[in-house]
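Visitor: I would like to see how the terms used for a structure follow from its values. Please show me one.

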Amino acid sequence: MWFQQDGATCHTARATIDLLKDTFGDRLISRFGPVNQPPRSCDLTRLDYFLWGYVKSLVYADKPQTLDHLEDNIRHVIADIRPQMLEKVIEN
């Protein structure tokens, strides 16, 4: 599994990067990670402007009241994303 993030200051604190490197090793795409994430990368733009909003709207649709419920919702929503949807996002 790869982990990719933007270059926001809170995401690139030394403690955060150290934790992510310990967890993901060379599979970390980040401003100070083994694989550099360029600023304003088009790879994240689609995520920023569509996918996260879409996922969030579905995750919170039934107003989860517990952490377990929230985590279950996240897992189900992510699992239900079809490759065709991602292809359309990339095309647009």
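**From value to term**

Guide: This is a predicted model. Gln-5 is buried, with a relative accessible area of 8%.

Visitor: Why is Gln-5 called buried?

Guide: The term applies under 20% relative accessible area. Gln-5 has 8%, so Gln-5 counts as buried. This residue lies in the loop between strand 1 and helix 1.

Visitor: What makes the link between the side chains of Gln-5 and Ser-30 a polar contact?

Guide: The two side chains are joined at 2.7 Å. The cut-off for such a pair of N or O atoms is within 3.5 Å, so 2.7 Å meets that limit.

Visitor: How do you know that strand 1 and strand 2 pair?

Guide: Pairing requires at least two bridges. Strand 1 and strand 2, residues 28-30, have two bridges, so they count as paired, in the parallel sense. Phe-3 stands opposite Leu-28 in strand 2. Helix 1, residues 14-24, packs on the sheet and touches strand 1 and strand 2. The direction of helix 1 makes about 150° with that of strand 2.

Visitor: Why do strand 1 and strand 3 stand at the edges?

Guide: Three strands form an open sheet in the order 1-2-3. Strand 1 (3-4) and strand 3 (35-36) each have a single partner strand, so one side of each has no neighbour in the sheet.

Visitor: Which residues make up the largest nonpolar core?

Guide: The six residues are Leu-51, Val-55, Val-59, Leu-70, Val-77 and Ile-81. Helix 2 (42-59) and helix 3 (67-80) each supply at least two residues of this core. The largest share, three residues, comes from helix 2.

Terms used
Residues numbered from 1 in each chain as written. Predicted model: local features only at pLDDT ≥ 70, side-chain atom pairs only at ≥ 80, totals over all residues. Heavy atoms only, no water. Helix = DSSP H or I, 4+ residues; strand = E, 2+ residues; numbered from the N terminus. Contact = heavy atoms within 4.5 Å. Axes fitted to C-alpha atoms, helices over the stretch in contact; angles between N-to-C directions. Buried < 20%, exposed > 50% of the residue type's maximum accessible area, 1.4 Å probe, protein only. Polar contact = N/O pair within 3.5 Å; in protein donor to acceptor, adjacent residues only side chain to side chain. Core = buried A, V, L, I, M, F, W, Y, C linked by side-chain atoms within 4.5 Å.
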